[in-house]
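Keep the sequence and the 3D view open while reading.

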Amino acid sequence: MERNLRRQQRSVHGHPWRKDVLVKPDQLDGNIVAPNAIWTTAAANLLTFYSVKNLTVDGSGQLDGNGAIWWTCFNQKLLAFASCNNLWVKSIHLKDSPDKHMTLYRCSQVHVNNVSVTAPGDSPNTDGINMAFSDHVYISNCSIQTGDDCVSILSGTSDVNITNSTCGPGHGISVGSLGGDSSTALVERITVSNCSFSKTLTGVRIKSWQGGSGKANSFLFENLNMTDVQFPIDIDQFYCPRGNCPPKDSAVAISDARFINIQGTSSNPDAIQILCSESVQCRGIYLDNINLSCSGHTAQTRATILNAYGTIGGTVKPHVRFLGS
């Protein structure tokens, strides 16, 4: 028998959620707002689902992380799923997370559809959807506006399909970072298609640290539109956001990455960056029907290619020259 539960306040860690919340089996309605004071200094999630099979989170409800007071802490996430199989998340809205908005960890067969995420473009570390050690993840018809990656795909993840979604502001859709602290990474079979990016740091990118190992392969980035994106196509084996990283020989091997039908504008002339290690070169990069112009500038766009082998399958603007070509 269906049971409805309506409460004015619901206590979490001794502090109340605010507003009216309607909870039904598989449905979230109303507005859940995190406490407006810092209630813990430990890493935590505001709402966690652990080891639940066949779970659906659906409805018109909103989770509001009240994030501004946390944005110097970077350790409270909004909505977390761990070890959940056959998971559906539909039509909810996530807002102003203290840190990442939605995380997937060791989940399988995940469907995220028609979910919206909003946070200011300068809010730190507020990834839209972050996943690790997960497989068969399908993200569709989502709108993500954040201060960090719209979607971040970390090690241990395979068979991801992101389609018909918008990203921006934010840092784009990212694989990685991989190989940090000399770790071994594995990411494979990732598809991003029919998506649009507006005023993001990157469009689609693969980023890894020097000193790591493992592999990242089998990528398809197809039918993408860029508007004022700083680096629409970006592969970076020298990821080092704080600078001053010492050079190291080992690296995560990146191969079989296809970029097809990508159009639009770059906010600076460096529209394509493929920067790979001399000791672990990128291989199997394929570009076809790429047309990226420079918005607001008379300068021509350009590509910077370092230690990468690949092929050109059609018109590519800016001009790209791979090793061996």
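How far apart are the sulfur atoms of C150 and C167? They are 2.1 Å apart, and the two residues form a disulfide. The model is a predicted one. In total the structure holds three disulfides.

**Disulfide C150–C167**

- The torsion about the S-S bond of C150 and C167 is about 85°, so this disulfide is right-handed.
- C150 sits in the loop between β17 (143–145) and β18 (151–153), while C167 belongs to strand β20 (residues 166–167); the pair therefore ties together parts that are 17 residues apart in sequence.
- Both C150 and C167 are buried.

**Disulfide C240–C245**

- C240 is joined to C245 by a disulfide, with an S to S distance of 2.0 Å.
- Its handedness follows from the torsion: the S-S bond of C240 and C245 has a value of about 90°, so the disulfide is right-handed.
- C245 has 30% relative accessibility.

**Disulfide C276–C282**

- C276 and C282 form a disulfide, and their sulfur atoms are 2.0 Å apart.
- Here the torsion about the S-S bond is about -100°, so the disulfide of C276 and C282 is left-handed.
- C276 is buried, and C282 is buried too.

- With the bonded cysteines of the protein numbered in sequence order, the pairing reads 1-2, 3-4, 5-6.
- C142 takes part in no disulfide. Its nearest cysteine sulfur belongs to C195, 9.3 Å away. A disulfide needs the two sulfur atoms within 2.5 Å.
- The relative accessible area of C142 is 3%, so C142 is buried.
- C294 is also in no disulfide. The nearest cysteine sulfur to C294 is that of C167, 20 Å away.
- C294 has a relative accessible area of 11%. Buried means under 20%, so C294 is buried.

**Cis peptide bonds**

- Most peptide bonds are trans.
- G176 and S177 are joined by a cis peptide bond, with omega about 20°. S177 is placed in strand β21 (residues 173–178).
- Which bond has an omega of about 10°? The cis peptide bond that joins K317 and P318 has this value. P318 lies in the segment after β31 (316–317).

**Positive phi**

- Most residues other than glycine have a negative phi.
- N114 has a positive phi, near 60°, and is a residue other than glycine. N114 is found in the loop between β13 (108–113) and β14 (116–118).
- Is N114 buried or partly exposed? Its relative accessibility is 41%, so N114 counts as partly exposed.
- N164 is a residue other than glycine with a positive phi, near 50°. The loop between β19 (157–163) and β20 holds N164.
- N164 has a relative accessible area of 43%, so N164 is partly exposed.

Definitions and conventions
Residues numbered from 1 in each chain as written. Predicted model: local features only at pLDDT ≥ 70, side-chain atom pairs only at ≥ 80, totals over all residues. Heavy atoms only, no water. Helix = DSSP H or I, 4+ residues; strand = E, 2+ residues; numbered from the N terminus. Buried < 20%, exposed > 50% of the residue type's maximum accessible area, 1.4 Å probe, protein only.
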